[in-house]
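Okay, thanks for coming, everyone.

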Amino acid sequence: MTASAADGETTTYLVTGSNDHRIHVYDINQPDTPLHRLTGHTDTVCCLASGKYGLISGSWDSTARVWVNFRSVMVLKGHEAAVWSVANIPGSGYMITGSADKTIRLWRAGRCENVLKGHEDCVRGLAVINEDEFLSCSNDSSVRRWSASASSVLQVYYSHMNFVYDIATLPDNSGFVTVSEDRSLKVWKGGDCVQTITHPTTSVWCVCVLSNGDIVTGSSDAYIRIFTTDEQRMASTEDIIAFEEQVSATQIPTQVGDIDSSKLPGPEALQQPGKTEGAVIMVKIDDNVEAHRWNAAEMVWTKIGDVVGSSGGSSGGRTLYEGKEYDFVFTVDVAEGQPPLKLPYNMTEDPWVAAQKFITKHGLPQTYLEEVRNFIVENSQSVSMSQLDRNTSYRDPFTGASSYVPGSTPMDTASGGSFTDPFTGAGRYVPPGGDLSRDTSVPLQGADPFTGSGSYRPAEATGRAPTNPYFPLSHVETFNIIKPEAALKKLKEFNKQLPGSLRCVEADLDIVLELCDVEKSPTTPMVAYLWRLLQWPADKVFPALDILRVALRNPTINEYFCSSKKGPELLEHLVTFLDSQQSVTNQMLALRGLANLTAHPGGQELLLSNSENLIPVVSLTCGNKNGNLQIAAVSVLMNLAVLLKPKNDSGESKSQLLSALSTVSSDIEDSEARFRLCVALGTVVWKDDDSIAMAKSLGLDDVVSKWKGNSDSNKLLECSKYLHQLLL
């Protein structure tokens with residue numbers, strides 16, 4: 001990957017992921033010691049991709065992570081099994097993840113926007129074609145072409161006869177290449193397989209395409225091979241002949257059951273042309289069975305190996321369970337009347353460890369441990385250790401019997417193998433009142449810093465950008481204006497329409513006037529009475545929501561509603577009004593209530609401790625084009641920015657907030673809401689290089705650049721200009 005420094009210089013790094021759960025970053029010119037060790041994943045890191053400003057990683061822990069300046073700034077959660085492939089689509093803001101749960105997820109600004117289904121087995125590789133289209137390959141032996149914007153499959157390609165492990169595009173998107181468990185590299189152009197190159201090995205694991213068009217493969221025999229169309233770089237004739245002879249002499253284990261050689265055609269079948277490039281037939285010649293592949297370019301059948309029977313420990317005799325292959329998947333009856341449980345086991349595992357995993361996963365008593373261990377030993381004795389081919393020098397990281405076992409020592413080569421499987425082999429991952437009149441008068445300490453008659457006057461600030469009067473914001477903003485008499489009148493009107501069980505004594509409603517006075521000290525029964533009003537039906541509750549919004553500025557009321565007991569209940573209740581099925585009035589007033597929670601420390605802590613769940617819900621309300629609603633929603637995010645700014649350990653929370661700001665920026669049309677978004681963004685990124693890099697990676701610099709030259713709001717133009725300088 002490459003990274004750009006503040007002075008514009010670009011540095012190239014070598015980045016690796018490992019079964020020790022870590023990512024190491026090396027200086028490509030000094031690779032002896034890692035410059036950075038990135039931690040955060042809780043299981044094997046199995047895929048990496050570089051983005052515009054950082055790195056994306058995928059892991060067996062079912063998550064992907066986004067890293068900026070070598071810090072984890074975002075965790076992508078949603079997959080139900082290992083994330084085996086990740087990619088970034090430049091220009092669109094999309095990140096893509098493919099998983100052992102057979103799905104592909106499209107992410108933008110940290111939020112999953114779509115789940116693509118179509119593959120019938122684990123998704124193994126991804127390759128980006130352009131700003132909208134990408135390719136995926138799978139254990140179902142297919143390749144699919146997708147449109148990100150349409151979230152649909154455009155084309156499906158078939159030619160491989162086994163798992164397709166990796167995929168890469170050719171220069172200028174003239175085609176793509178794939179590699180597979182069927183030992184082949186295939187070149188695709190115009191939607192067709194135009195060339196198949198068989199390798200003298202068990203599996204071809206990975207492929208990439210160099211800038212000069214050369215194709216590089218890595219395979220299970222521990223060789224890297226480079227293929228070219230440039231005659232100047234081609235191997236010698238002797239080397240090419242030696243390679244073809246190696247392919248011809250390779251023995252191919254049958255992976256589709258026993259073959260009845262008496263029913264196979266003889267050598268005369270090789271006189272008939274193949275139907276498609278790469279087509280394979282088996283023919284009986286004397287007492288041997290040979291496999292031949294059709295070379296469409298030269299119009300000849302090429303021998304690719306002798307077919308032999310598979311051993312008990314090969315991938316052909318293994319069982320797939322939750323995205324992983326096992327030597328055994330036992331069915332265990334734990335209790336009468338209960339459904340049986342599946343117990344997966346590989347011969348390379350310690351039976352005690354496998355038994356412990358089983359009882360832990362299913363919540364069984366620890367007293368079962370020895371019994372389960374004995375069951376494993378007794379039912380797996382029929383397979384000898386010799387069948388697992390423990391002495392092979394090179395191990396197949398996808399289907400080899402001696403593949404990596406999660407939980408073992410990362411550098412364990414005691415079994416004699418130099419190469420172990422961190423991905424898919426024997427030990428691989430298992431996988432204002434109800435009125436919508438514009439309330440932009442939000443005075444604080446006698447002056448509105450945004451839209452009121454008073455102008456914004458923060459303390460002098462110095463930093464990397466020119467001094468500006470807009471950010472960083474050092475205090476929260478609240479919605480303060482209300483007409484208490486009008487709210488009381490509406491309450492009394494609705495009270496008469498309620499059924500007897502909900503109706504209040506009309507004279508008691510007068511206490512709301514006191515609740516709206518921030519200088520009063522209301523009693524607990526008075527505050528509890530407000531909670532009763534908040535239980536009114538959705539079409540009658542908005543006056544109570546408006547009173548709550550103003551009442552939360554009162555320290556006594558704020559403390560009551562933000563206590564450890566009442567706080568979660570209040571948040572849950574307010575969030576119900578943010579549903580898109582609720583009226584715009586209810587949504588807006590609930591958002592203003594959330595913003596006003598921050599008027600006092602108890603509410604600030606309540607909002608911060610629940611920010612992970614609140615931010616996505618608040619962001620979704622911006623899809624409504626009502627200006628007052630958008631202002632209220634962005635105000636909640638802006639207050640969170642103020643609260644997060646002084647906290648040194650809030651990296652992931654800041655990243656989530658930046659992601660939300662990026663997401664809502666495309667929905668917001670109101671100039672006041674845009675202005676507040678700029679203030680929120682400026683507050684988050686002020687003197688924080690990591691947050692600046694994250695904001696850039698989310699495309700917020702482009703958003704600000706557009707706003708600074710196109711607005712009828714002078715303060716938005718000025719604020720966005722200051723912000724644009726900060727993000728340069």
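Predicted model: local features only at pLDDT ≥ 70, side-chain atom pairs only at ≥ 80, totals over all residues.

**A walk through the model**

Let's begin with W188, which is buried at a relative accessible area of 1%; buried means under 20% relative accessible area, exposed means over 50%, and partly exposed is in between, with a 1.4 Å probe and protein chains only. Residues are numbered from 1 along each chain as its sequence is written, and side-chain values use heavy atoms, with hydrogens and water left out.

So what does W188 pair with? Its partner is Y157, and the two form an edge-to-face aromatic pair, 5.8 Å centre to centre with 65° between the planes. The rule here is that rings of Phe, Tyr and Trp (its six-membered ring) pair if their centres lie within 6.5 Å; planes under 30 degrees apart are stacked, over 60 edge-to-face, and the rest tilted. Y157 sits in strand 16 (residues 152-158) and W188 in strand 19 (residues 184-189), so the pair links distant parts of the chain, 31 residues apart. Helices (H or I, at least four residues) and strands (E, at least two) are DSSP runs, by the way, numbered from the N terminus. Y157 is buried as well, with a relative accessible area of 3%.

Next pair: Y470 and F675, again edge-to-face, with 5.6 Å between centres and 85° between planes. Y470 is in the loop between helix 3 (369-380) and helix 4 (484-497) while F675 is in helix 15, so this pair ties together parts that are 205 residues apart in sequence. Both Y470 and F675 are buried. There's also an aromatic cluster made of F328, F330, Y345 and F375. How many aromatic pairs does the rule give? The count comes to 17.

P472 is found in the loop between helix 3 and helix 4, and the peptide bond from F471 to P472 is cis, with omega near 5°. Most residues other than glycine have a negative phi, and most peptide bonds are trans.

S141 has a phi near 75°, positive in a residue other than glycine. S141 is in the loop between strand 14 (133-138) and strand 15 (142-147), and at 17% relative accessibility it counts as buried. N173 isn't a glycine either, and has a positive phi of about 55°. You'll find N173 in the loop between strand 17 (164-169) and strand 18 (176-180). Is N173 buried or partly exposed? N173 is partly exposed, at a relative accessible area of 39%.

F675 brings us back to helix 15. The axes of helix 15 (residues 671-685) and helix 18 (residues 714-727) come within 9 Å and cross at roughly 30°. Axes are lines fitted to C-alpha atoms, for helices over the stretch in contact, and angles run from 0 to 180 degrees between N-to-C directions. Helix 15 and helix 18 are therefore roughly parallel; under 35 degrees counts as roughly parallel, over 145 as roughly antiparallel, 65 to 115 as roughly perpendicular, and the rest as oblique. On the helix 15 side, the contact residues include F675, C678 and L681, and on the helix 18 side they include L716, C719 and L723. Contact means heavy atoms within 4.5 Å.

Helix 18 has another partner: its axis and that of helix 17 (residues 700-707) come within 8 Å and cross at roughly 145°. Among the residues meeting there are V704 and W707 in helix 17, and L716 and L723 in helix 18.

Last stop, helix 11. L606 is in helix 11 (residues 601-609) and is buried, with a relative accessible area of 7%. Leaving aside neighbours within four places in sequence, L606 is in contact with C562, G567, P568, L571 and L597. The C-alpha atoms of L606 and S563 are 8.4 Å apart, for residues 43 apart along the chain. Helix 11 also packs with helix 13 (residues 627-644): the axes come within 10 Å and cross at roughly 100°. Those two helices are therefore roughly perpendicular. Q604, L607 and L608 of helix 11 make the contact with L640, L643 and L644 of helix 13.
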